[in-house]
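Subject: Handing over the structure, with notes

Dear colleague,

Please find below the structure I promised to pass on to you. After it come my notes, written so that you can follow them with the model open beside you.

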Amino acid sequence: MALEKFHYEHNGKKFTLPKFDQLPFKVLRKIRKETEDEQFFMLFEEAADAKALAIIDEMNLAEIAKMFDAWNKDSGVEVGES
């Protein structure tokens, strides 16, 4: 079964991430004991491929926040929701 993707564009460069609600449980289990800051970075490192990470690395904090919000809203998941 093919999983749906979240599509995003930054400065004309397109990338995809897995839908937030389709992240493998192993990703969440792996980061669960880390600090919130470390969880945030590890989440991207686990979910994004090299192309997506290269584009994400070009973003500033405001752009990251906007993209992260869109990623959550795309799958209907709110931060802190269980």
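Two strands are said to pair if DSSP finds at least two bridges between them, and both helices (H or I, at least four residues) and strands (E, at least two) are DSSP runs, numbered from the N terminus. This is a predicted model, in which local features need pLDDT of at least 70 and side-chain atom pairs count only at pLDDT 80 or more, while totals for chains, interfaces and linings use all residues. Residues are numbered from 1 along each chain as its sequence is written, and side-chain values use heavy atoms, with hydrogens and water left out.

To begin with the overall layout, the protein has four helices and two strands, and along the sequence these follow the pattern β-β-α-α-α-α. Of its 82 residues, 33% are buried, where buried means under 20% relative accessible area, exposed means over 50%, and partly exposed lies in between (1.4 Å probe, protein chains only). If a contact is taken as heavy atoms within 4.5 Å, then among contacts between residues at least 6 apart in sequence, 56% join residues at least 24 apart.

Next come the strands. Strand S1 (residues 5–10) and strand S2 (residues 13–18) run antiparallel and are joined by six bridges; in these, Glu9 has Lys14 of S2 as its bridge partner, and His10 stands opposite Lys13 in S2. The two strands form a hairpin with two residues between them.

In strand S2 you will find Leu17, which counts as buried because its relative accessible area is 0%. Leaving aside residues up to four places away in sequence, Leu17 touches Lys5, Phe6, Ala47, Ala48, Ala52, Met67 and Trp71. Leu17 and Trp71 are 54 residues apart in sequence, yet 8.3 Å apart in space, C-alpha to C-alpha.

Lys19 sits in the loop between S2 and H1. Is Lys19 buried or exposed? Lys19 is buried, because its relative accessible area is 12%, and, again not counting residues up to four places away in sequence, it touches Glu4, Lys5, Phe6, Trp71, Asp74 and Ser75.

The aromatic rings deserve a paragraph of their own. Rings of Phe, Tyr and Trp (its six-membered ring) pair if their centres lie within 6.5 Å, and planes under 30 degrees apart count as stacked, over 60 as edge-to-face and the rest as tilted. A search of the whole structure finds 10 aromatic pairs. One of them is the edge-to-face pair of Phe20 and Trp71, with 4.9 Å centre to centre and 90° between the planes. This pair links distant parts of the chain, since Phe20 lies in the loop between S2 and helix H1 (25–31) and Trp71 lies in helix H4, 51 residues apart. Phe20 counts as buried because its relative accessibility is 18%, and Trp71 counts as buried because its relative accessibility is 0%. Ring pairs also link Phe20, Phe40, Phe41, Phe44, Phe68 and Trp71 into a cluster.

Finally, there is a pocket to look at. On a 1 Å grid over the protein atoms alone, a pocket is an open set of points with protein on both sides within 12 Å along at least five of seven lines, and lining residues have an atom within 4 Å of a point. The lining of the second largest pocket includes Phe40, Phe41, Phe44 and Glu45. Helix H2 (36–47), helix H3 (50–56) and helix H4 (61–75) each supply at least two residues of this lining, and the largest share, four residues, comes from H2.

With best wishes

Key
1 Å grid on protein atoms, 1.4 Å probe; cavity = no way out; pocket = protein on both sides within 12 Å on 5 of 7 lines; lining within 4 Å.
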